[in-house]
Amino acid sequence: IIVIAATNRPDILDPALLRPGRFDRQITVNYPDIKGREEILKVHTRNKPLEESVDLAKIAKTTAGFTGADLANLLNEASLLAARRGKSLIGMEDIEDAYIKVIAGPKKKTRAMKEREKKNTAYHEAGHAIIAHVLPYMDPVQQISIIPSGNALGYTLNPPKEDKFSVYKEELKEKITMLLGGRAAEELIFGDISGGASNDIQRATDIAKKMVTQLGMSDVLGPRRFGSGQSEVFLGRDFSSTQDYSDETAATIDAEIHAIIDEAYTRAKKILTEQMDKLHFVSEFLMKNEIMDGEQFEAAMNGTPSFEELEEMTEAKKRRSREENDERRRKEAIEERKRREEAEKLRVDEDIPLRVDEDEPLPVDENETPAPDGDSTDPTSVEEVDSEDTEEESSEPSEETEENNTGDEDEES
């Protein structure tokens with residue numbers, strides 16, 4: 001007998017449970033890697049019609065950290081979006097929109113925004129995107145939007161293009177720089193800042209604090225860990241921290257965190273100042289179209305396209321999608337017509353009775369016992385008897401006929 005148990009908190013298990021002979025073997029089930037995600041996507045798309053543009057390998061790259069259930073939910077959301085748009089095939093656009101809906105929440109297109117807020121959000125998101133494009137360790141931008149989604153007024157989406165198992169100091173510093181890019185763009189353009197960067201500041205501070213206190217990435221404090229995290233057993237993910245260092249060290253930690261944040265903010269403003277023309281271009285495009293995808297953003301950063309050229313890129317994708325869906329509907333209509341014709345033909349064949357040639361004698365079974373005299377089993381005899389009976393029945397006048405005849409005789413007399 002093998003007893004299997006599962007838990008997300010192996011750190012709080014009683015040691016008595018983990019003794020040899022009990023739950024003494026532990027198997028860690030991690031998130032699927034890029035190859036596993038691609039195979040899971042193949043399973044869940046087996047019975048779903050897809051456009052030719054759908055690349056499962058690309059989807060697997062952009063869904064790092066997704067479990068099997070997350071991937072199934074992603075494809076189900078994409079199916080619903082495609083059906084609401086009247087499409088017969090699921091396209092890459094549907095999957096990307098479903099991905100954004102899963103991680104950022106549904107788009108709230110009905111929310112009315114003032115022109116100032118919309119412009120501020122456009123420059124804010126453009127600042128994030130441009131810094132992500134310039135810095136070498138950052139992942140490429142997939143989409144920029146100023147349509148409110150969830151609790152955010154906009155978003156810049158740059159998911160990891162591959163699985164990452166380690167973090168590096170320079171990469172984390174660039175991440176902080178990108179997070180502060182939105183606030184830096186607001187300050188450079190408007191000379192004022194909004195509260196829209198509160199979440200960015202919180203995330204940047206958490207990364208800097210982790211670099212100093214847990215990862216040993218401070219040049220002043222060196223490779224040391226400060227503070228001991230203790231988990232509350234009955235509170236799930238609520239953690240309390242115990243300070244195991246002096247007040248002077250705490251002041252040094254604060255100074256190091258501030259230095260990392262200040263350096264990243266200064267770097268963000270420098271990059272945006274150098275890319276000011278791109279900042280204006282991307283922001284104005286967002287003000288007009290609200291969404292800019294990764295291909296349009298790369299074209300804008302690497303060249304000097306016009307708004308019309310970028311919009312044509314989107315229209316070309318939509319045309320290809322419409323053509324594929326129209327072709328799919330045409331094939332389905334042809335197949336449906338063939339099925340109906342075959343069903344009608346089969347129904348007609350079943351309605352036609354079997355005809356026997358009158359000149360051809362019916363087969364006689366040699367093993368059949370001959371019928372006694374007077375009881376012929378010949379079908380023709382039966383027909384003759386039936387016809388005679390019919391004649392006899394027809395020869396008997398009905399009451400109505402007799403009455404008519406009587407009436408005729410009276411008239412003659």
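**Cores, salt bridges and surface of a predicted chain**

Of the 413 residues in the chain, 31% are buried, where buried means under 20% relative accessible area, exposed means over 50%, and partly exposed lies in between (1.4 Å probe, protein chains only). The model is predicted: local features need pLDDT of at least 70, side-chain atom pairs count only at pLDDT 80 or more, and totals for chains, interfaces and linings use all residues. Residues are numbered from 1 along each chain as its sequence is written, and side-chain values use heavy atoms, with hydrogens and water left out.

The chain contains 14 helices and 5 strands; these are DSSP runs numbered from the N terminus, helices being H or I with at least four residues and strands E with at least two. Contact here means heavy atoms within 4.5 Å. Among contacts between residues at least 6 apart in sequence, 66% join residues at least 24 apart.

The interior may be considered next. A nonpolar core is a set of buried Ala, Val, Leu, Ile, Met, Phe, Trp, Tyr and Cys residues joined through side-chain atoms within 4.5 Å. The largest such core has 48 residues, and Ile144, Ile176, Met292 and Phe297 have the most contacts inside it. Elements giving two or more residues to this core include H5, H6, helix H10 (276-289) and helix H11 (294-302). H9 gives the most, with 9 residues. Met292 is in contact with Gln143, Ile144, Val282, Phe285, Leu286, Phe297 and Leu310, leaving aside its neighbours within four places in sequence.

A search of the whole structure finds 26 salt bridges, each defined as a side-chain nitrogen of Lys or Arg within 4 Å of a carboxyl oxygen of Asp or Glu. In one of them, Lys164 pairs with Asp139, the closest N and O atoms being 3.3 Å apart. This pair links distant parts of the chain, 25 residues apart: Lys164 is in the loop between strand S2 (155-157) and helix H6 (169-179), and Asp139 is in the loop between helix H5 (115-134) and strand S1 (143-145). Lys164 is partly exposed at 40% relative accessibility, whereas Asp139 is buried at 9%.

Other salt bridges lie within a helix. Glu274 and Lys270 have their closest N and O atoms 2.8 Å apart; because they are 4 residues apart in helix H9 (residues 247-274), about one helical turn separates them. Both Glu274 and Lys270 are exposed. In helix H12 (residues 307-351), Arg340 and Glu336 are likewise 4 residues apart, about one turn of the helix, and their salt bridge has its closest N and O atoms 3.3 Å apart. Arg340 is exposed, with 59% relative accessibility, while Glu336 is partly exposed at 30%. Elsewhere, salt bridges that share partners join Glu51, Arg85, Lys87, Asp94 and Asp97 into one network.

Glu38 is buried yet has no salt bridge, and Lys42, the nearest side chain of opposite charge, is 4.2 Å away; Lys and Arg count as positive and Asp and Glu as negative, while His and the chain ends are not counted. Glu38 touches Leu56, Ala57 and Ala60, not counting residues up to four places away in sequence.

Finally, the chain exposes about 27,700 Å², of which carbon and sulfur atoms supply 50%; accessible areas come from the Shrake-Rupley method with a 1.4 Å probe, and for residues only the protein chains shown count as cover.
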